[in-house]
Amino acid sequence: MYRKISLTASAKIFHERVIYAGLFNFSHRNNIICSPVNARNISHNLPRLPVPALKQTLEKFLLTARPHLNDKEFKVTSELVNKFSAENGIGTKLQNLLVEKAKASENWLADWWLHAAYLDFRYPVVVYSSPGLVFPFENFQTECDRLTYTTKLILAAVDYKLQIDGDKIPLDMMGKDPLDMNQYKKVFGTCRIPGVKRDSIEYHPTSTHIVVASNNQFFKIEVFGNDGKVISEKQLFAQLERVLEESQTAAPPIGILTTDHRDNWGKSYQLLTQDPNNKKSVGEIQKSLFLVCLDGPMPIYNKENRQTTASRQLIHGGGYAGNAGNRWYDKTIQFVIGQDGIVGLTYEHSPSEGQPIAVMTDYLVEYIKNNASKNIPDAPYDKVAERLNFTLNNDIHKAIESSTENVEKLAENLDMDCFTFKSFGSKFIKSQKLSPDSFIQVAMQYAFYRIHKTPGAHYESAATRKYIHGRTETIRSCSIESVNFAQTMLDPSKSDEDRLNAMRIAITGHKKYTVEALNGFGVDRHLLGLKLMALERGEEISPLYSDPGFLRSAHMRISTSQVATRCDGFMCYGPLVPDGYGCCYNPRPMDMNFAVSAFVENPET
C-alpha cells in the first residue's frame with residue numbers, strides 16, 4: 001500500500017551574496033509516494049550524486065540564458081562557454097577534478113552545499129532564509145483553549161519524533177526509486193550555532209525536553225517521565241499553565257538577537273555566553289527537541305486578510321512590536337501558537353529541505369484532529385517547568401537595541417499577500433492532462449512578463465533525494481518557450497488556439513527540465529561545483545561567472561516553490577533578490593493557496 005504525496009519543499013538563500021550569483025531553494029517533490037517499507041539503512045544503498053557531462057550542462061545553460069540576452073550579448077556568452085569547455089580550457093580541468101572528487105565521496109556537493117548555502121550565509125535567517133508554514137486556523141475562545149491545543153501539538157510532535165527514531169515513518173519513493181531519509185532524523189533536537197564568519201550546526205537527537213517561549217522568557221519542560229515514557233496531556237497542560245503564570249511580565253527580548261545579521265549575532269553570542277548562567281540557558285535552548293512560542297497579539301496592518309497576517313507572524317513575528325523577541329531563530333523547529341488562533345511553525349533551513357516539515361505538518365494536524373493523545377496515561381513525573389535565566393550587561397542591552405532596529409526594518413520592508421485561488425485546483429488541471437506544477441510555473445512566467453514586459457529569471461528547486469545525502473537542484477522555469485507563451489498571450493493577433501498551443505509547449509518544456517533536475521542534471525549545482533573547485537584549488541575564476549548571461553539568468557527575480565499539504569495550510573518566505581518576488585503555493589484538488597512576497601523599498605515590485 002502506498003500513500004501518494006504531491007509536494008515541493010524548500011530552501012531559499014541570497015545565493016549571489018554567498019559564493020555564486022543567483023538564489024535557490026525549496027525542494028521539488030514530483031510524483032513522490034510514501035511506502036510503509038521501513039526506512040532503516042535505505043540511504044546507505046542509494047546511488048551517488050552524478051557529475052553531469054560538461055557539454056550537457058553548458059548547452060542547457062545557454063538555452064536558459066538566451067531569454068535574458070540580445071543577439072550580441074548571446075554571441076559573447078557563447079564564446080565564453082566555448083573557451084570554458086575547450087580541451088585545454090579551465091572548465092575541462094575543473095570538470096576532471098570534480099569527477100575525481102565525486103569518486104572519493106558519497107555526495108560531491110553535500111558539504112560544499114551546507115556551507116555555501118547556509119552556514120557561510122551571513123544575512124539574517126529571518127526573511128532571507130527561514131520559511132514559515134501556516135497551519136489551519138484555530139478559534140481559541142479562552143486561554144485554556146489555547147493551552148489545550150498547545151498540549152496536543154507538543155505531544156503530536158513528540159510522537160512523530162518517536163516514529164522517526166523507531167524507523168516507523170513511511171519510506172519516501174519517487175516512482176520506483178527510494179529516496180534518502182536522512183533529513184527526517186535532523187529535524188528534532190537540531191540548532192544552528194552562530195559564528196562571526198561561519199556558523200556551525202549541532203544535533204541533539206536524544207534530548208528529552210522542549211523549550212517554551214512566553215513574553216520573551218524561556219522555560220525548559222521535560223516531556224518524558226521518570227520511566228522514560230511520554231507524559232500525559234494533564235501533566236503537560238499543568239506545566240504550560242505554570243509557564244504562563246510565571247511570565248506575566250515581558251522580559252527583555254533576548255531572542256531578538258537571533259534575528260540579526262549572522263556576524264552581528266555571532267559577536268553578541270560571544271558576549272552573551274561569557275556569563276556561565278547565560279551559557280547554560282542558551283545550551284538548554286540549543287539542545288531542546290523544539291521550541292514552542294506562545295505569542296501575544298500581532299500588530300494590525302490595514303486591510304490585510306488573516307492569511308497575510310499569519311505569514312508575517314510565521315516569518316518575522318511582527319518585529320519588535322509583535323513577537324520577534326519571543327523566538328530563537330537558530331532552532332530548526334519553532335511552533336507558534338498565537339492568541340488569535342494563528343498557528344504554525346518557523347523553521348531554520350540548514351539541516352533539511354521543506355519536505356520533512358510539510359509531511360510532519362499533515363501528521364500533526366491529523367494527530368490533533370483525532371485527539372490521539374487523550375489516552376496517554378500519567379507517567380511518574382517529578383519535574384517542573386524551569387525558567388532559563390539570563391544576566392544582561394550594558395553590552396548585551398546595546399546589542400538588543402541594535403538587533404531590534406534591524407528586525408524592525410526587515411519586518412517593515414517585507415510586503416506579503418496571501419490568498420486562496422478558488423476558481424479551480426489541481427483536479428481540473430490534471431483533467432486537461434497537464435502537470436499542475438508546470439501549469440502554475442508557466443502561469444507565473446506569464447504574470448511576470450505581463451507586469452514587467454521582460455523575461456524574469458525564475459527559480460524552483462527539485463529534490464535530488466534519490467541520491468545519498470541529496471538536497472536540491474534548480475529548475476530554471478524561465479525558458480524560450482515560456483517567454484514565447486507570454487508574448488503569444490499578449491499579442492491580440494493570436495488566436496486562442498495559438499495561445500493554447502504555446503502554453504502546452506511551455507508546460508512540456510518545464511516538465512522536461514524538472515525531470516532532468518530531479519535526476520541531478522540541472523545547470524546551477526554543477527556550475528557551482530566547478531566554481532567552488534576553482535576557489536578550493538586557487539584557480540582563476542572564469543569570466544563566464546561574471547558574464548551577463550550567467551548573472552541575469554541566475555538573478556532569480558521569481559523565487560517559487562510548491563509545498564503541498566493535505567491540510568489547508570501554506571508555506572511563506574521572502575524574495576531572493578531585492579527586485580524579486582517570492583511565491584509559495586499549495587495546489588489542492590479544488591483550490592490553491594498562494595503566499596506572495598516582495599520588498600516594499602523596491603518600486604518595481
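Arg-306 lies over the face of Phe-137, at 4.5 Å from the ring centre; the rule asks for NZ of Lys or CZ of Arg within 6 Å of the ring centre and within 35 degrees of the ring normal. The model is predicted, so local features need pLDDT of at least 70 and side-chain atom pairs 80 or more, while totals for chains, interfaces and linings use all residues. Residues are numbered from 1 along each chain as its sequence is written, and side-chain values use heavy atoms, without hydrogens and water.

**Exercise 1.** Find the ring under the charged end of Lys-60.

Solution. The ring belongs to Tyr-513, and its centre is 5.6 Å from that charged end.

**Exercise 2.** Classify the ring pair of Tyr-123 and Tyr-128, then that of Phe-448 and Tyr-581.

Solution.
1. Rings of Phe, Tyr and Trp (its six-membered ring) pair if their centres lie within 6.5 Å; planes under 30 degrees apart are stacked, over 60 edge-to-face, the rest tilted.
2. The count is 22 aromatic pairs.
3. For Tyr-123 and Tyr-128 the centres are 5.0 Å apart and the planes at 90 degrees, so this pair is edge-to-face.
4. Phe-448 and Tyr-581 are also edge-to-face, at 6.1 Å centre to centre and 85 degrees between the planes.
5. Phe-448 lies in helix H14 (residues 436–452) and Tyr-581 in strand E19 (residues 581–587), so the pair ties together parts 133 residues apart in sequence. Helices (H or I, at least four residues) and strands (E, at least two) are DSSP runs, numbered from the N terminus.

**Exercise 3.** State whether Phe-448 and Tyr-581 are buried or exposed.

Solution. Buried means under 20% relative accessible area, exposed over 50%, partly exposed in between (1.4 Å probe, protein chains only). Both Phe-448 and Tyr-581 are buried.
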